[in-house]
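User: I would like to learn how to read packing features from a model. Can we work through some cases together?

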Amino acid sequence: MLGATSLEVYRYAVGHPGWTRSEASDALGLTLRRIDEAVGELSDRRLLSPQAGSPDGLVAVSPDVALADLVDADERAMQELKARISARRRELSSLLPAFLDARKHVLASTSVETLEDPHLIHRVLIDYGRDVTEKVYIAQPGQGSTADVHEESVRKDLELLANGVRRRTLYDTSTRDHVPTRKAVEAIAAGGGEFGVLPFIPLRMLVFDEKLAVVGRRLSHDDKAALVIRDHSLITIFTHLFDIAWELSESFLSPPQVVSPLSAMQRSILQGLANGLSDESIARRLDINVRTCRRHIAWMLETLRADSRFQAALKARDAGWI
């Protein structure tokens, strides 16, 4: 934003072609130092240019001409960058058959590729997510992402939905209480996205157009690697598994059928207790630490007036809370 002095000098320049700094100083009652500062600011924005044939004269430039002068170089650079990106994408995509062929002696099947780098996995998801044309199926374990991550996701997902792409996502039941996730679900659902919940999501999975699947390897709790699957038979199996899970799920946004003092997280913990799982197993499934899990269990034992974890699960079931 132009300062007040620069704006005053610009207005003077518009009405006095060929003016000089000393003339502006006398006319506006401003020191030459302030005039020089204003001239520098206006010149940086291409709103002033030297007058031809006059070493000291200055001419005002209209804002639209100044804007064109300012952004022309940036627009050219942007077009050149886009051209380089397209050329690089074509170049590297053409190498994929050679890459798969060269790996035949290493892999029993070239239809499954392991990616260890989380950044590279993210780039693969963005690239294939951009090219999807029919449907995207997502199974997302854990407690949901941050509001910043969801904000970017909502924008992209709404664009896909507007282009006729079907989007289905399965979340853990406990994410119903996660405010950023719930707001993102409400926004995407308004655009046609579908969301279901299950007490437990066993793996992270994305299926694009039944042509490619990205599945979390999950050899350990800290394993961030992913399997990129291109084999049609394997993708069909994962799609069928997702369809079965979807039929068993309930709507993310549907209200609970029974009023319960327990949160979605606590109901998921109780479900784990009812299934005989240890604190560590429940915490791992819900992506929380064991101490937090045990704090929830202690509170629920007191609330349900139960003498044991098993009795708490039974009481919760009898009350229709799980």
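User: Is Tyr171 buried or exposed, and what is its relative accessible area?

Analyst: Keep in mind that this model is predicted. Burial is read from relative accessible area, and under 20% counts as buried. Tyr171 has 8%, so it is buried.

User: Which aromatic pair does Tyr171 form, and how far apart are the centres?

Analyst: Planes under 30 degrees apart count as stacked. Tyr171 pairs with Phe195 at 6.2 Å centre to centre, with 5° between the planes, and the pair is stacked. Tyr171 sits in strand β5 and Phe195 in strand β6, 24 residues apart. Phe195 is buried too, with a relative accessible area of 8%.

User: How many aromatic pairs are there?

Analyst: The count is five aromatic pairs. Take Tyr137 and Phe242: the ring centres are 4.6 Å apart and the planes lie at 10°, so this pair is stacked. It links distant parts of the chain, with Tyr137 in strand β4 and Phe242 in helix α9, 105 residues apart. Tyr137 has 5% relative accessibility and counts as buried. Phe242 has 1% and also counts as buried. Tyr137 and Phe242 form one aromatic cluster with Trp246.

User: Which residue lies over the face of Phe200?

Analyst: Here you look for a charge above a ring. Arg285 lies over the face of Phe200, at 3.9 Å from the ring centre.

User: At what angle do helices α10 and α12 pack?

Analyst: Two packed helices are described by the angle between their axes and the distance between the axes. Helix α10 (residues 264-274) and helix α12 (residues 290-304) pack at about 85°, with their axes 10 Å apart. The two are therefore roughly perpendicular to each other. On the α10 side, the contact is made by Met265, Gln266, Ile269, Leu270 and Leu273. On the α12 side, Cys293, His296, Ile297, Trp299, Met300 and Leu304 make it.

User: What is the make-up of that contact of α10 with α12 by class?

Analyst: The contact has nine nonpolar residues, two polar and no charged ones.

User: How many residues of α10 are buried?

Analyst: Count residue by residue along the helix. In α10, 11 of 11 residues are buried, so the helix is mostly covered. Among them are Arg267, Gln271 and Gly272. The buried residues pack against α11, α12 and α13.

User: Which residue with a positive phi follows α10?

Analyst: Gly276 follows α10, and its phi is near 80°.

Methods: Residues numbered from 1 in each chain as written. Predicted model: local features only at pLDDT ≥ 70, side-chain atom pairs only at ≥ 80, totals over all residues. Heavy atoms only, no water. Axes fitted to C-alpha atoms, helices over the stretch in contact; angles between N-to-C directions. Helix = DSSP H or I, 4+ residues; strand = E, 2+ residues; numbered from the N terminus. Parallel < 35°, antiparallel > 145°, perpendicular 65-115°, else oblique. Contact = heavy atoms within 4.5 Å. Nonpolar A, V, L, I, M, F, W, Y, C, P; charged D, E, K, R; others polar. Phe/Tyr/Trp six-rings, centres within 6.5 Å; stacked < 30°, edge-to-face > 60°. Buried < 20%, exposed > 50% of the residue type's maximum accessible area, 1.4 Å probe, protein only. Lys NZ or Arg CZ within 6 Å of the ring centre and 35° of its normal.
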